Amino acid sequence: MSILKRFTRMLRADMHGLLDMLEDKSLLLKQCLRDMEEDLEGERYLLARLRMTKEQTDDQLEQKQTELENFENGIETAMERGEDRLARLLIRRRISTEAHIQALIRQNAALVKELDRAVENHERRRMRYEEIKLRTDEYSLKKERTRILKATNAAQALNGLEDPWNSAPTEAAVELELLRRKGAMGVQPGMPGREAVHA
């Protein structure tokens, strides 16, 4: 019984550790991006197959159009020679070929619609992927910046340093800078500055 309790406790601890790890947003975002990359790759494969099928359909359609022209020429030649039996056979084949051409035209139109829809969906998903990737990069940079700031603040606290970005300048520092600038401009201390002279 004690072994079973220990095993259960270990499993629970591992599950809690796993859940804690999963709560790290950067890990979740990276996994989401990997999943999206796999989906996009699958869509690219589907698009390639659709394009190849459309090319094959176009080739078949062109071949059947050529056959139709040949049957038409053969029918005319058979009728000129008085070979009705051959003309009937060629007319049957011509009608069958026309039906096949119409089926290929319908198939081609359906392929064009499906291809357009697949391209549109792929582009929309690719844009979403790029947006999430950008946000993930921003989040990672923000997280890294926060980590660096915390480390810097901790180091400053250990060294007893004041944060120069958050401290306001003292009045003495402002007055000292003003006097230094007046000296550089040739204005004597105690004399009014340019604003008083121009007024």
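Q: Leaving aside its neighbours within four places in sequence, which residues is Thr136 in contact with?
A: In this predicted model, Thr136 is in contact with Leu29 and Leu33, once neighbours within four places in sequence are set aside. The term contact applies because heavy atoms lie within 4.5 Å.

Q: Why is Thr136 called buried?
A: The relative accessibility of Thr136 is 4%. Buried means under 20%, so Thr136 counts as buried. Thr136 is placed in helix α3, which covers residues 84-159.

Q: What makes Ser96 count as partly exposed?
A: Ser96 has 47% relative accessibility. Exposed requires over 50% and buried requires under 20%; the value for Ser96 falls in between, and therefore Ser96 is partly exposed. Ser96 also has its place in helix α3.

Q: What separates the C-alpha atoms of Ser96 and Leu68?
A: These C-alpha atoms are separated by 9.5 Å, and the two residues are 28 residues apart along the chain.

Q: How many residues does the chain have, and what percentage of them is buried?
A: The chain has 199 residues, and buried residues make up 17% of them. The chain exposes about 16,500 Å², of which carbon and sulfur atoms supply 57%.

Notes
Residues numbered from 1 in each chain as written. Predicted model: local features only at pLDDT ≥ 70, side-chain atom pairs only at ≥ 80, totals over all residues. Heavy atoms only, no water. Buried < 20%, exposed > 50% of the residue type's maximum accessible area, 1.4 Å probe, protein only. Areas by Shrake-Rupley, 256 points an atom, 1.4 Å probe, with all protein chains shown as cover. Helix = DSSP H or I, 4+ residues; strand = E, 2+ residues; numbered from the N terminus.
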